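Here are my notes for a first look at this entry. Please keep the structure open while reading.

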Amino acid sequence: MTTTFPDVSISTERLVLRALEPADAPALAEMMNDELVAAWTSVPQPFTEDDAHRWIDGYAPAERAAGRGIDLAVTEFLTQRLVGIVQLTKTNWHVRSTELSYIVGPWARGEGYASEAALATADWLFRDQHFERVELRTAADNTASQQVAQKIGCISEGVLRNACIARTRTEDGGWTDIRTDFIVWSLLPEDLDGVAEHMAEAGLSSYADWS
């Protein structure tokens, strides 16, 4: 039984999702230092280019080799600019389930990239990797992330009370942890029926193929 993800490239009309590369380090560091990323993730702050290289050269390959997940750079098809990250973590190969998360850089928000990348990744998981469940967890106050989950057809399963550690700015400009709830979402293969057509009607690109 396969217990690791392949080295994959997933293409949509606007995006290419591929493995992180050393050349991505400057843009990755800039993305991770964004205020919203700092608030809703556990990424260390500040996040340096050295941190980015450790992620690209060490953490990401180790996660894929161990079968725990995969980290994909989300890039624009035309410009090859890094616009986001899609992560799969906590993968269970017996159950064929994994947890999906996404980050979009501040320079690329409002374009529907998170929904497009997440939907393409889920479709690849279901059709090519034969997964049966994708799970998402969004902080209770992170409405933008919740909207992405809804757009791609996820079903809200409930709330994990006090299960999320987020961050907020302090008066001196630093960060402090705050505790909040997680909303748990799931996506099954049948949930994707009609989602691509709905997104296309809304003006979002559809996914086409992968290699």
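This is a predicted model: local features need pLDDT of at least 70, side-chain atom pairs count only at pLDDT 80 or more; totals for chains, interfaces and linings use all residues.

1. Five residues lie between the two strands. Among them sits glycine 173, and this glycine takes a positive phi near 90 degrees.

2. S7 covers residues 155-169 and runs antiparallel to S8, with 11 bridges joining them. One place to look is isoleucine 155, whose bridge partner in S8 is serine 186.

3. S8 also has another partner. Strand S6 (residues 133-139) pairs with S8 (residues 175-187) in the antiparallel sense, over six bridges. Here alanine 139 stands opposite phenylalanine 182 of S8.

4. Next, the largest pocket. Its volume is about 1,300 Å³. The lining counts 41 residues, and Trp40, Thr41, Ser101, Tyr102 and Ile103 lie nearest the centre. Several elements give two or more residues to this lining, including helix H2 (35-40), helix H3 (49-66), strand S4 (82-92), S6 and S7. Which element gives the most? Strand S5 does, with six residues.

5. Turn to the largest nonpolar core, which holds 38 residues. Phe5, Leu17, Leu100, Tyr102, Leu136 and Leu187 touch the most other members. Strand S2 (15-19), strand S3 (70-76), S4, S5 and S8 are among the elements that each supply at least two residues. H4 gives the most, with 10 residues.

6. Leave aside its neighbours within four places in sequence, and its contacts include Arg64, Ile70, Leu88, Trp93, Trp124 and Phe131. A second, separate core has 17 residues, with Leu28, Val37, Phe47 and Ala60 among them.

7. Last, alanine 108, found in the loop between S5 and H4. Is alanine 108 buried or exposed? The relative accessible area is 2%, which is under 20%, so alanine 108 counts as buried. Apart from neighbours within four places in sequence, Val83 and Tyr113 are in contact with alanine 108. Arginine 81 is 27 residues away along the chain, and its C-alpha atom is separated from that of alanine 108 by 9.7 Å.

Conventions:
Residues are numbered from 1 along each chain as its sequence is written. Side-chain values use heavy atoms; hydrogens and water are left out. Two strands pair if DSSP finds at least two bridges between them. Helices (H or I, at least four residues) and strands (E, at least two) are DSSP runs, numbered from the N terminus. On a 1 Å grid over the protein atoms alone, a cavity is a set of points where a 1.4 Å probe fits but cannot get out, and a pocket is an open set with protein on both sides within 12 Å along at least five of seven lines; lining residues have an atom within 4 Å of a point. Grid points are joined across faces, edges and corners, and a volume is the space filled by probe spheres set on the points. A nonpolar core is a set of buried Ala, Val, Leu, Ile, Met, Phe, Trp, Tyr and Cys residues joined through side-chain atoms within 4.5 Å. Buried means under 20% relative accessible area, exposed over 50%, partly exposed in between (1.4 Å probe, protein chains only). Contact means heavy atoms within 4.5 Å.
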